[in-house]
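I begin with a strand and its partners, then turn to the ligand and the aromatic rings.

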Amino acid sequence: MPFHLPEPWRVKVVEPISLPTEKEREERLQKAGFNLFDVPAEAVFIDLLTDSGTSAMSDNQWAGLMRGDESYAGARNYYHFEAAVTEIFGFSHFVPVHQGRVAENLLFSTLVQPDMIVPNNNHFDTTRANIEIHRGLAVDLVIPEGRDPAAEHPFKGNIDLERVRRLFEETPRSRIPLAMLTLTNNSGGGQPVSLANIRAYSELCREFGIPFYIDACRFAENAFFIQQREPGQQEKSIPQIVREIFDLADGCTMSAKKDGLANMGGFLASRDDELIETIKQRLILIEGFPTYGGLAGRDLEAVARGLWEVMDPEYLRFRVSQVGAFGERMAELGIPIIQPVGGHAVYIDARSFLSHIPQSEFPAQALVVALYRGGGVRGVEVGSVMFGRKDPETGEDVYPELDLVRLAVPRRVYTNTHLRYVCDVLEVIRDEPERVKGLNMVYEAPVLRHFTARFEEIEVGVGVGQPS
Ligand code: F0G
(Lines give C-alpha, C1' and ligand atoms only; values in the text may rest on other atoms or scores of the structure.)
Protein backbone atom coordinates (compact mmCIF):
# COMPACT_ATOMS: atom_id res chain seq x y z
CA MET A 1 0.00 0.00 0.00
CA PRO A 2 1.50 3.36 -0.97
CA PHE A 3 2.37 6.00 1.60
CA HIS A 4 1.86 3.61 4.51
CA LEU A 5 4.77 4.72 6.68
CA PRO A 6 4.18 7.86 8.72
CA GLU A 7 6.91 10.51 9.01
CA PRO A 8 9.32 9.58 11.86
CA TRP A 9 9.41 13.17 13.14
CA ARG A 10 6.96 15.77 14.30
CA VAL A 11 6.85 19.40 13.26
CA LYS A 12 8.38 22.00 15.60
CA VAL A 13 8.76 24.96 13.25
CA VAL A 14 6.66 25.65 10.17
CA GLU A 15 7.52 27.48 6.99
CA PRO A 16 4.33 28.63 5.28
CA ILE A 17 3.95 27.82 1.60
CA SER A 18 1.09 28.79 -0.66
CA LEU A 19 -0.26 27.96 -4.05
CA PRO A 20 -0.19 31.03 -6.30
CA THR A 21 -3.41 31.67 -8.22
CA GLU A 22 -3.80 30.32 -11.74
CA LYS A 23 -3.38 33.83 -13.10
CA GLU A 24 -0.17 34.37 -11.16
CA ARG A 25 1.24 31.01 -12.26
CA GLU A 26 0.50 31.90 -15.85
CA GLU A 27 2.21 35.27 -15.49
CA ARG A 28 5.23 33.67 -13.81
CA LEU A 29 5.58 31.17 -16.65
CA GLN A 30 5.38 33.87 -19.31
CA LYS A 31 7.86 36.08 -17.50
CA ALA A 32 10.31 33.20 -17.02
CA GLY A 33 10.17 32.19 -20.68
CA PHE A 34 8.76 28.83 -19.51
CA ASN A 35 12.00 28.05 -17.66
CA LEU A 36 11.30 27.11 -14.04
CA PHE A 37 14.85 28.04 -12.98
CA ASP A 38 13.72 31.62 -13.52
CA VAL A 39 10.64 31.39 -11.28
CA PRO A 40 11.21 32.71 -7.74
CA ALA A 41 10.99 29.93 -5.14
CA GLU A 42 8.27 31.85 -3.28
CA ALA A 43 6.00 31.40 -6.29
CA VAL A 44 6.45 27.60 -6.08
CA PHE A 45 4.08 25.52 -3.94
CA ILE A 46 5.87 22.16 -3.86
CA ASP A 47 9.51 22.44 -4.91
CA LEU A 48 10.97 19.19 -6.20
CA LEU A 49 13.73 20.80 -8.24
CA THR A 50 16.43 19.11 -6.20
CA ASP A 51 17.19 17.15 -3.03
CA SER A 52 20.45 19.06 -2.71
CA GLY A 53 20.85 21.62 0.06
CA THR A 54 17.10 21.53 0.61
CA SER A 55 16.95 19.26 3.68
CA ALA A 56 15.19 20.28 6.87
CA MET A 57 17.66 20.17 9.72
CA SER A 58 16.76 18.51 13.01
CA ASP A 59 16.47 20.23 16.40
CA ASN A 60 19.82 18.61 17.18
CA GLN A 61 21.43 20.27 14.16
CA TRP A 62 19.86 23.66 14.92
CA ALA A 63 21.14 23.36 18.47
CA GLY A 64 24.55 22.62 16.93
CA LEU A 65 24.46 25.91 15.04
CA MET A 66 24.45 27.73 18.35
CA ARG A 67 27.60 25.83 19.26
CA GLY A 68 29.35 27.25 16.18
CA ASP A 69 32.89 28.36 16.97
CA GLU A 70 33.81 31.00 14.41
CA SER A 71 37.54 31.03 15.14
CA TYR A 72 39.61 31.24 11.97
CA ALA A 73 41.78 28.23 12.76
CA GLY A 74 41.06 25.05 14.67
CA ALA A 75 37.43 25.77 15.58
CA ARG A 76 35.96 23.06 17.82
CA ASN A 77 33.40 22.22 15.14
CA TYR A 78 36.23 21.19 12.83
CA TYR A 79 37.16 18.47 15.29
CA HIS A 80 33.57 17.24 15.43
CA PHE A 81 33.54 17.18 11.62
CA GLU A 82 36.84 15.31 11.66
CA ALA A 83 35.47 12.76 14.12
CA ALA A 84 32.47 12.13 11.85
CA VAL A 85 34.59 11.70 8.71
CA THR A 86 37.08 9.46 10.49
CA GLU A 87 34.63 7.30 12.42
CA ILE A 88 31.93 6.95 9.77
CA PHE A 89 34.05 6.68 6.63
CA GLY A 90 37.41 5.63 8.06
CA PHE A 91 39.40 8.36 6.27
CA SER A 92 41.90 10.29 8.35
CA HIS A 93 43.08 12.68 5.62
CA PHE A 94 40.48 15.08 4.32
CA VAL A 95 39.60 18.70 3.64
CA PRO A 96 36.20 20.32 4.22
CA VAL A 97 34.72 22.20 1.24
CA HIS A 98 31.59 24.28 0.79
CA GLN A 99 29.98 21.87 -1.66
CA GLY A 100 30.62 18.68 -3.64
CA ARG A 101 31.84 20.20 -6.87
CA VAL A 102 34.75 21.89 -5.08
CA ALA A 103 35.91 18.47 -3.90
CA GLU A 104 35.71 17.37 -7.56
CA ASN A 105 37.53 20.48 -8.73
CA LEU A 106 40.36 19.95 -6.22
CA LEU A 107 40.72 16.25 -6.97
CA PHE A 108 40.57 16.42 -10.77
CA SER A 109 42.63 19.59 -11.14
CA THR A 110 45.36 17.78 -9.22
CA LEU A 111 45.15 14.40 -10.96
CA VAL A 112 43.66 14.78 -14.45
CA GLN A 113 45.64 15.81 -17.52
CA PRO A 114 44.62 15.94 -21.21
CA ASP A 115 43.50 12.59 -22.70
CA MET A 116 43.32 10.85 -19.35
CA ILE A 117 40.28 8.67 -18.73
CA VAL A 118 38.11 8.51 -15.59
CA PRO A 119 35.53 5.69 -15.52
CA ASN A 120 32.35 5.83 -13.40
CA ASN A 121 28.94 4.14 -13.42
CA ASN A 122 27.54 7.52 -14.52
CA HIS A 123 29.29 10.79 -13.95
CA PHE A 124 27.09 13.49 -12.50
CA ASP A 125 27.27 16.62 -14.69
CA THR A 126 29.57 18.61 -12.37
CA THR A 127 31.89 15.58 -12.11
CA ARG A 128 31.99 15.26 -15.88
CA ALA A 129 32.53 19.00 -16.35
CA ASN A 130 35.38 19.03 -13.82
CA ILE A 131 37.12 16.24 -15.76
CA GLU A 132 36.43 17.63 -19.22
CA ILE A 133 37.70 21.08 -18.30
CA HIS A 134 41.15 19.45 -18.00
CA ARG A 135 40.51 17.76 -21.37
CA GLY A 136 40.09 14.41 -19.67
CA LEU A 137 37.52 11.83 -20.76
CA ALA A 138 34.66 11.00 -18.38
CA VAL A 139 33.50 7.50 -19.34
CA ASP A 140 30.14 6.05 -18.21
CA LEU A 141 30.17 2.27 -17.73
CA VAL A 142 26.92 1.47 -15.92
CA ILE A 143 25.48 -2.03 -16.56
CA PRO A 144 23.11 -2.29 -19.59
CA GLU A 145 20.05 -2.56 -17.26
CA GLY A 146 21.02 0.84 -15.88
CA ARG A 147 20.33 2.41 -19.26
CA ASP A 148 16.95 0.74 -19.76
CA PRO A 149 14.13 2.59 -17.93
CA ALA A 150 11.93 -0.52 -17.81
CA ALA A 151 14.53 -3.12 -16.79
CA GLU A 152 14.00 -4.54 -13.30
CA HIS A 153 17.24 -4.99 -11.37
CA PRO A 154 17.85 -4.44 -7.65
CA PHE A 155 21.12 -2.62 -8.28
CA LYS A 156 20.76 -0.74 -11.54
CA GLY A 157 23.60 1.57 -10.51
CA ASN A 158 26.19 -1.24 -10.74
CA ILE A 159 29.20 -0.66 -12.95
CA ASP A 160 29.83 -3.07 -15.83
CA LEU A 161 32.89 -4.93 -14.55
CA GLU A 162 33.71 -6.54 -17.88
CA ARG A 163 33.84 -3.20 -19.61
CA VAL A 164 35.95 -1.82 -16.78
CA ARG A 165 38.40 -4.72 -17.12
CA ARG A 166 38.60 -4.19 -20.88
CA LEU A 167 39.22 -0.48 -20.38
CA PHE A 168 41.96 -1.19 -17.84
CA GLU A 169 43.58 -3.81 -20.09
CA GLU A 170 43.50 -1.64 -23.20
CA THR A 171 44.65 1.62 -21.62
CA PRO A 172 48.12 2.41 -20.30
CA ARG A 173 47.98 2.75 -16.51
CA SER A 174 49.33 6.31 -16.77
CA ARG A 175 46.18 7.39 -18.62
CA ILE A 176 43.79 6.37 -15.81
CA PRO A 177 44.60 8.60 -12.82
CA LEU A 178 41.66 7.29 -10.78
CA ALA A 179 38.38 5.38 -11.06
CA MET A 180 35.10 6.71 -9.65
CA LEU A 181 31.79 5.18 -8.56
CA THR A 182 28.68 7.22 -7.74
CA LEU A 183 26.46 6.11 -4.81
CA THR A 184 23.59 6.21 -5.57
CA ASN A 185 23.79 6.72 -9.31
CA ASN A 186 22.04 10.07 -9.68
CA SER A 187 22.37 10.46 -13.46
CA GLY A 188 21.07 6.90 -13.85
CA GLY A 189 17.90 7.51 -11.79
CA GLY A 190 19.23 7.40 -8.21
CA GLN A 191 19.82 3.66 -8.50
CA PRO A 192 21.96 1.88 -5.90
CA VAL A 193 25.18 -0.10 -6.33
CA SER A 194 25.56 -3.45 -4.57
CA LEU A 195 28.30 -4.15 -2.05
CA ALA A 196 29.45 -7.07 -4.22
CA ASN A 197 29.82 -4.73 -7.20
CA ILE A 198 31.71 -2.14 -5.13
CA ARG A 199 34.02 -4.88 -3.84
CA ALA A 200 34.69 -6.35 -7.28
CA TYR A 201 35.35 -2.90 -8.77
CA SER A 202 37.68 -2.07 -5.91
CA GLU A 203 39.58 -5.32 -6.47
CA LEU A 204 39.89 -4.60 -10.20
CA CYS A 205 41.25 -1.14 -9.43
CA ARG A 206 43.75 -2.64 -6.99
CA GLU A 207 44.81 -5.28 -9.54
CA PHE A 208 45.62 -2.53 -12.05
CA GLY A 209 47.05 -0.10 -9.46
CA ILE A 210 44.34 2.52 -10.02
CA PRO A 211 43.09 4.61 -7.06
CA PHE A 212 39.38 4.07 -6.40
CA TYR A 213 37.25 7.05 -5.30
CA ILE A 214 33.58 7.11 -4.37
CA ASP A 215 31.20 9.97 -5.11
CA ALA A 216 29.52 9.60 -1.72
CA CYS A 217 26.65 12.14 -1.97
CA ARG A 218 23.91 9.60 -1.19
CA PHE A 219 25.97 7.02 0.71
CA ALA A 220 23.36 6.29 3.41
CA GLU A 221 20.52 5.71 0.93
CA ASN A 222 22.81 3.35 -0.98
CA ALA A 223 23.72 1.50 2.25
CA PHE A 224 20.03 1.12 3.08
CA PHE A 225 19.31 -0.47 -0.30
CA ILE A 226 22.20 -2.88 0.30
CA GLN A 227 20.78 -3.82 3.69
CA GLN A 228 17.31 -4.36 2.22
CA ARG A 229 18.11 -6.00 -1.09
CA GLU A 230 21.48 -7.73 -1.05
CA PRO A 231 21.63 -11.32 0.11
CA GLY A 232 23.50 -11.72 3.40
CA GLN A 233 23.42 -8.02 4.36
CA GLN A 234 20.24 -7.94 6.47
CA GLU A 235 21.94 -8.50 9.79
CA LYS A 236 24.42 -5.65 9.40
CA SER A 237 23.72 -2.16 10.71
CA ILE A 238 23.82 0.85 8.38
CA PRO A 239 27.07 2.19 9.94
CA GLN A 240 28.64 -1.27 9.46
CA ILE A 241 27.67 -1.37 5.80
CA VAL A 242 28.85 2.20 5.27
CA ARG A 243 32.21 1.40 6.80
CA GLU A 244 32.54 -1.75 4.72
CA ILE A 245 31.88 0.25 1.54
CA PHE A 246 34.42 2.96 2.31
CA ASP A 247 37.06 0.50 3.53
CA LEU A 248 37.13 -0.63 -0.11
CA ALA A 249 37.95 2.86 -1.40
CA ASP A 250 41.03 5.04 -1.56
CA GLY A 251 39.03 8.21 -1.06
CA CYS A 252 35.78 10.03 -1.71
CA THR A 253 34.18 13.26 -2.76
CA MET A 254 31.14 14.24 -0.73
CA SER A 255 28.40 16.83 -1.02
CA ALA A 256 26.87 17.10 2.46
CA LYS A 257 23.94 18.90 0.79
CA LYS A 258 22.47 15.43 0.20
CA ASP A 259 23.15 12.74 2.79
CA GLY A 260 24.84 15.24 5.12
CA LEU A 261 21.32 16.55 5.83
CA ALA A 262 22.79 20.05 5.69
CA ASN A 263 22.11 23.09 3.53
CA MET A 264 25.76 23.55 2.63
CA GLY A 265 29.01 21.63 2.98
CA GLY A 266 31.10 18.72 1.79
CA PHE A 267 34.57 17.21 1.89
CA LEU A 268 37.27 15.46 -0.05
CA ALA A 269 38.92 12.50 1.68
CA SER A 270 41.81 10.28 0.65
CA ARG A 271 44.16 7.68 2.08
CA ASP A 272 46.94 9.44 0.19
CA ASP A 273 48.22 11.96 2.74
CA GLU A 274 50.63 13.54 0.24
CA LEU A 275 47.76 14.21 -2.13
CA ILE A 276 45.74 15.86 0.62
CA GLU A 277 48.74 17.98 1.61
CA THR A 278 49.08 19.19 -2.01
CA ILE A 279 45.37 19.84 -2.21
CA LYS A 280 45.43 21.89 0.99
CA GLN A 281 47.58 24.49 -0.79
CA ARG A 282 44.96 24.89 -3.50
CA LEU A 283 42.17 24.79 -0.92
CA ILE A 284 43.69 27.82 0.82
CA LEU A 285 43.56 29.70 -2.49
CA ILE A 286 39.95 28.95 -3.37
CA GLU A 287 38.08 27.96 -0.18
CA GLY A 288 40.00 28.92 2.93
CA PHE A 289 42.09 27.53 5.73
CA PRO A 290 42.03 23.71 5.95
CA THR A 291 40.08 23.65 9.22
CA TYR A 292 37.07 25.39 7.70
CA GLY A 293 37.30 25.02 3.90
CA GLY A 294 34.71 27.59 2.90
CA LEU A 295 32.32 26.85 5.76
CA ALA A 296 31.35 28.71 8.90
CA GLY A 297 31.99 26.85 12.17
CA ARG A 298 28.24 26.40 12.59
CA ASP A 299 27.99 24.79 9.14
CA LEU A 300 30.72 22.32 10.05
CA GLU A 301 28.70 21.40 13.13
CA ALA A 302 25.48 20.93 11.16
CA VAL A 303 27.25 18.57 8.76
CA ALA A 304 29.01 16.66 11.56
CA ARG A 305 25.65 16.00 13.22
CA GLY A 306 23.82 15.37 9.93
CA LEU A 307 26.26 12.65 8.87
CA TRP A 308 25.37 10.65 11.98
CA GLU A 309 21.63 11.35 11.80
CA VAL A 310 21.29 10.23 8.21
CA MET A 311 22.27 6.68 9.17
CA ASP A 312 19.31 6.34 11.56
CA PRO A 313 17.50 3.21 10.30
CA GLU A 314 14.07 4.66 11.03
CA TYR A 315 14.84 7.80 9.08
CA LEU A 316 16.19 5.78 6.15
CA ARG A 317 13.26 3.37 6.10
CA PHE A 318 10.86 6.28 5.89
CA ARG A 319 12.96 8.17 3.36
CA VAL A 320 13.27 5.34 0.87
CA SER A 321 9.69 4.20 1.41
CA GLN A 322 8.33 7.73 0.91
CA VAL A 323 10.13 8.18 -2.41
CA GLY A 324 9.15 4.62 -3.40
CA ALA A 325 5.48 5.21 -2.57
CA PHE A 326 5.54 8.46 -4.54
CA GLY A 327 6.67 6.49 -7.59
CA GLU A 328 4.29 3.59 -6.94
CA ARG A 329 1.34 5.97 -6.84
CA MET A 330 2.37 7.40 -10.21
CA ALA A 331 2.72 3.91 -11.65
CA GLU A 332 -0.77 3.10 -10.35
CA LEU A 333 -2.04 6.15 -12.23
CA GLY A 334 -0.45 4.79 -15.40
CA ILE A 335 2.26 7.44 -15.52
CA PRO A 336 5.42 5.99 -17.07
CA ILE A 337 8.33 6.22 -14.61
CA ILE A 338 11.80 4.71 -14.38
CA GLN A 339 11.54 1.44 -12.50
CA PRO A 340 12.41 0.53 -9.86
CA VAL A 341 12.24 3.89 -8.07
CA GLY A 342 15.63 5.13 -6.83
CA GLY A 343 16.54 6.66 -3.50
CA HIS A 344 15.95 10.39 -3.87
CA ALA A 345 13.69 11.05 -6.84
CA VAL A 346 11.10 9.75 -9.23
CA TYR A 347 11.84 10.12 -12.93
CA ILE A 348 8.95 10.41 -15.40
CA ASP A 349 9.46 9.27 -18.99
CA ALA A 350 7.99 12.34 -20.71
CA ARG A 351 8.32 11.07 -24.29
CA SER A 352 6.03 8.23 -23.48
CA PHE A 353 3.70 10.27 -21.20
CA LEU A 354 3.27 13.11 -23.72
CA SER A 355 3.63 11.06 -26.88
CA HIS A 356 2.01 13.78 -29.01
CA ILE A 357 4.99 16.08 -28.43
CA PRO A 358 8.04 15.30 -30.61
CA GLN A 359 11.49 15.48 -29.05
CA SER A 360 12.23 18.62 -31.06
CA GLU A 361 9.49 20.31 -28.99
CA PHE A 362 10.95 19.27 -25.62
CA PRO A 363 8.31 16.98 -24.08
CA ALA A 364 10.00 16.87 -20.65
CA GLN A 365 10.24 20.65 -20.45
CA ALA A 366 6.59 20.82 -21.54
CA LEU A 367 5.70 18.50 -18.64
CA VAL A 368 7.69 20.66 -16.20
CA VAL A 369 5.61 23.63 -17.41
CA ALA A 370 2.35 21.67 -17.08
CA LEU A 371 3.20 20.66 -13.49
CA TYR A 372 3.72 24.28 -12.51
CA ARG A 373 0.71 25.50 -14.40
CA GLY A 374 -1.49 22.76 -13.01
CA GLY A 375 -0.45 22.93 -9.35
CA GLY A 376 2.55 25.14 -8.62
CA VAL A 377 4.86 22.10 -8.59
CA ARG A 378 8.48 22.52 -9.71
CA GLY A 379 10.42 19.61 -11.17
CA VAL A 380 13.46 19.58 -13.40
CA GLU A 381 13.95 18.59 -17.02
CA VAL A 382 16.64 15.97 -17.60
CA GLY A 383 16.44 15.51 -21.33
CA SER A 384 16.74 17.37 -24.60
CA VAL A 385 17.06 20.81 -23.04
CA MET A 386 19.82 19.65 -20.69
CA PHE A 387 21.67 17.26 -22.99
CA GLY A 388 20.55 18.08 -26.56
CA ARG A 389 23.08 19.81 -28.80
CA LYS A 390 23.84 20.72 -32.38
CA ASP A 391 26.18 18.36 -34.19
CA PRO A 392 29.23 20.55 -34.88
CA GLU A 393 29.69 18.96 -38.34
CA THR A 394 26.16 18.58 -39.71
CA GLY A 395 24.51 21.37 -37.67
CA GLU A 396 21.66 18.97 -36.93
CA ASP A 397 20.02 18.70 -33.53
CA VAL A 398 21.09 15.63 -31.56
CA TYR A 399 18.78 14.44 -28.77
CA PRO A 400 19.46 12.16 -25.80
CA GLU A 401 17.78 8.75 -25.62
CA LEU A 402 15.47 9.79 -22.78
CA ASP A 403 13.48 12.89 -22.00
CA LEU A 404 12.88 12.71 -18.27
CA VAL A 405 11.36 14.91 -15.60
CA ARG A 406 13.02 14.42 -12.23
CA LEU A 407 10.89 15.01 -9.16
CA ALA A 408 13.52 15.04 -6.41
CA VAL A 409 12.26 14.78 -2.85
CA PRO A 410 14.00 17.05 -0.30
CA ARG A 411 14.85 15.25 2.94
CA ARG A 412 12.43 15.65 5.88
CA VAL A 413 10.68 18.60 4.18
CA TYR A 414 7.47 17.39 2.57
CA THR A 415 4.93 15.04 4.09
CA ASN A 416 3.22 12.19 2.31
CA THR A 417 0.22 14.48 1.83
CA HIS A 418 2.31 16.93 -0.19
CA LEU A 419 3.51 14.17 -2.45
CA ARG A 420 0.01 12.80 -2.85
CA TYR A 421 -1.03 16.27 -4.00
CA VAL A 422 1.71 16.19 -6.67
CA CYS A 423 0.29 12.86 -7.87
CA ASP A 424 -3.16 14.49 -8.08
CA VAL A 425 -1.73 17.24 -10.30
CA LEU A 426 -0.17 14.55 -12.50
CA GLU A 427 -3.47 12.70 -12.67
CA VAL A 428 -5.17 15.78 -14.16
CA ILE A 429 -2.43 16.01 -16.79
CA ARG A 430 -2.78 12.28 -17.50
CA ASP A 431 -6.50 12.67 -18.20
CA GLU A 432 -5.93 15.16 -21.01
CA PRO A 433 -2.28 15.00 -22.02
CA GLU A 434 -2.96 16.58 -25.40
CA ARG A 435 -3.67 19.88 -23.67
CA VAL A 436 0.06 20.15 -22.90
CA LYS A 437 1.81 22.18 -25.59
CA GLY A 438 5.21 21.61 -27.15
CA LEU A 439 7.88 24.29 -26.80
CA ASN A 440 10.13 26.20 -29.09
CA MET A 441 13.52 27.23 -27.66
CA VAL A 442 13.95 30.90 -28.47
CA TYR A 443 17.14 31.57 -26.49
CA GLU A 444 20.00 29.32 -25.49
CA ALA A 445 23.36 30.09 -23.88
CA PRO A 446 26.47 28.39 -25.30
CA VAL A 447 27.07 26.31 -22.13
CA LEU A 448 24.70 24.69 -19.60
CA ARG A 449 21.79 26.04 -21.60
CA HIS A 450 19.09 24.51 -19.40
CA PHE A 451 19.66 27.10 -16.66
CA THR A 452 18.85 30.12 -18.83
CA ALA A 453 17.05 28.86 -21.96
CA ARG A 454 13.81 30.60 -22.88
CA PHE A 455 10.86 29.07 -24.69
CA GLU A 456 7.57 29.84 -26.41
CA GLU A 457 4.63 27.48 -26.49
CA ILE A 458 3.87 26.07 -29.90
CA GLU A 459 0.36 24.77 -30.36
CA VAL A 460 -2.60 27.03 -30.14
CA GLY A 461 -5.11 25.63 -27.72
CA VAL A 462 -5.78 25.55 -24.04
CA GLY A 463 -3.07 24.53 -21.59
CA VAL A 464 -3.57 22.29 -18.58
CA GLY A 465 -4.98 24.17 -15.63
CA GLN A 466 -6.01 27.19 -17.64
CA PRO A 467 -9.63 28.26 -17.63
CA SER A 468 -11.28 26.82 -20.74
N1 F0G B 1 27.76 14.28 -7.38
C2 F0G B 1 26.47 13.94 -7.46
C3 F0G B 1 26.09 12.51 -7.66
C4 F0G B 1 25.47 14.93 -7.34
O5 F0G B 1 24.18 14.56 -7.40
C6 F0G B 1 25.85 16.27 -7.14
C7 F0G B 1 24.84 17.33 -7.05
C8 F0G B 1 27.22 16.58 -7.05
C9 F0G B 1 28.15 15.55 -7.18
C10 F0G B 1 27.70 17.98 -6.83
O11 F0G B 1 27.47 18.41 -5.54
O12 F0G B 1 25.92 20.37 -5.80
O13 F0G B 1 27.23 20.01 -3.70
O14 F0G B 1 28.36 20.74 -5.77
N15 F0G B 1 23.63 17.17 -7.37
C16 F0G B 1 22.55 18.14 -7.27
C17 F0G B 1 21.30 17.56 -7.90
C18 F0G B 1 22.89 19.51 -7.76
O19 F0G B 1 20.32 18.31 -8.05
O20 F0G B 1 21.26 16.37 -8.22
P21 F0G B 1 27.22 19.95 -5.18
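1. How many bridges join strand β7 to β8, and do these strands run parallel or antiparallel? In this predicted model, strand β7 (residues 251–255) and β8 run antiparallel and are joined by 5 bridges. Within this pairing, C252 stands opposite A269 in β8.

2. Strand β8 also pairs with strand β2 (residues 93–97), in the antiparallel sense and over 5 bridges. Here the bridge partner of P96 is F267 in β8.

3. Strand β8 (residues 266–270) is largely enclosed by the rest of the structure, because 5 of its 5 residues are buried. In a regular strand the side chains alternate between the two faces of the sheet. In β8, G266, L268 and S270 point one way while F267 and A269 point the other way, and all are buried.

4. Around the ligand there are 17 residues, of which T50, R101, D215, S255 and K258 come nearest. A nitrogen atom of the ligand is 2.7 Å from an N or O atom in the side chain of D215, and an oxygen atom of the ligand is 3.1 Å from an N or O atom in the side chain of K258. The protein covers 93% of the 480 Å² of accessible area that the ligand has on its own.

5. Turning to the aromatic rings, a search of the whole structure finds 17 aromatic pairs. One of them is formed by Y78 and Y79, which are edge-to-face, at 5.3 Å centre to centre and with 80 degrees between the planes. Y78 counts as buried because its relative accessibility is 9%, whereas Y79, at 44% relative accessibility, counts as partly exposed.

6. The rings of F362 and F455 have their centres 5.8 Å apart and their planes at 70 degrees, so this pair is also edge-to-face. F362 lies in the loop between α13 (350–353) and α14 (363–375), and F455 lies in strand β16 (residues 454–457), so the pair ties together parts that are 93 residues apart in sequence. Both F362 and F455 are buried.

7. One aromatic cluster is formed by Y78, Y79, F81, F89, F91, F94, F219, F246 and F267; F267 is also the bridge partner of P96 described above.

Methods. Residues numbered from 1 in each chain as written. Heavy atoms only, no water. Phe/Tyr/Trp six-rings, centres within 6.5 Å; stacked < 30°, edge-to-face > 60°. Buried < 20%, exposed > 50% of the residue type's maximum accessible area, 1.4 Å probe, protein only. Helix = DSSP H or I, 4+ residues; strand = E, 2+ residues; numbered from the N terminus. Near = heavy atom within 4 Å. Polar contact = N/O pair within 3.5 Å; in protein donor to acceptor, adjacent residues only side chain to side chain. Areas by Shrake-Rupley, 256 points an atom, 1.4 Å probe, with all protein chains shown as cover. Pairing = 2+ DSSP bridges.
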